[in-house]
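Here is a short briefing on one structure. It covers the sheet, the core and the aromatic rings.

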Amino acid sequence: GGTLIVSPNTNVEVIRRTVELGMISAPGFQTPSEAFSALEAGAHALKQFPAVGSAAAILKGTMAVLPKGTLVLAVGGIKNLETMSPFWAVGARGFGLGSALYKAGMATAQVEANAKALAKAVTTLKKQMGSKL
């Protein structure tokens with residue numbers, strides 16, 4: 001069985017049931033109200049989605065009011081160091097990577113190269129900006 005539910009939205013029923021089943025819940029949010037609803041329902045992490053569709057400045061404002069230590073991931077449109085950096089700088093500590101990692105029909109070697117490049121970008125962020133919240 002699964003151990004992690006990553007949702008595109010903040011559905012408190014899904015979050016609560018995920019937690020009841022002993023699984024990790026990481027729902028999507030766009031507003032502080034959605035973020036707080038998710039946390040109150042038991043979410044373990046939050047996923048700003050879509051990230052690139054909203055400015056990192058919005059996440060910065062949200063991070064200012066979230067409980068210290070809240071794990072926030074930027075997901076949607078994250079492709080490389082340049083798209084990761086603004087979100088890392090304001091507090092995101094992880095990224096959801098879709099088409100930047102894999103597209104249908106892509107050769108295994110290309111997926112591997114993409115994964116290595118994306119991992120290197122996160123390593124670079126940690127060195128340049130630090131990894132603490």
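Val75 stands opposite Gly96 in β6. This is a predicted model, in which local features need pLDDT of at least 70, side-chain atom pairs count only at pLDDT 80 or more, and totals for chains, interfaces and linings use all residues. Residues are numbered from 1 along each chain as its sequence is written, and side-chain values use heavy atoms, with hydrogens and water left out.

**Sheet**
- Four strands form an open sheet in the order β3-β4-β5-β6, with parallel pairing. Strands (E, at least two residues) and helices (H or I, at least four) are DSSP runs, numbered from the N terminus.
- β3 (28-29) and β6 (95-96) are the edge strands, each pairing on one side only.
- β5 and β6 pair in the parallel sense over two bridges; pairing takes at least two DSSP bridges.

**Core**
- The largest nonpolar core has 25 residues, and Leu46, Leu59, Phe87 and Phe95 have the most contacts inside it. Such a core is a set of buried Ala, Val, Leu, Ile, Met, Phe, Trp, Tyr and Cys residues joined through side-chain atoms within 4.5 Å.
- α2 (32-40), α3 (56-65), β5 (72-75), α4 (81-89) and α5 (108-129) each give two or more residues to this core.

**Aromatic rings**
- There is one aromatic pair (ring centres of Phe, Tyr or the six-membered ring of Trp within 6.5 Å; planes under 30 degrees apart count as stacked, over 60 as edge-to-face, the rest as tilted).
- Trp88 and Phe95 have ring centres 6.2 Å apart and planes at 25°, so the pair is stacked.
- Trp88 is buried at 2% relative accessible area, and Phe95 is buried at 15% (buried is under 20%, exposed over 50%, partly exposed in between; 1.4 Å probe, protein chains only).
- The charged end of Arg93 sits over the ring of Trp88, 4.3 Å from its centre (CZ of Arg or NZ of Lys within 6 Å of the ring centre and within 35 degrees of the ring normal).
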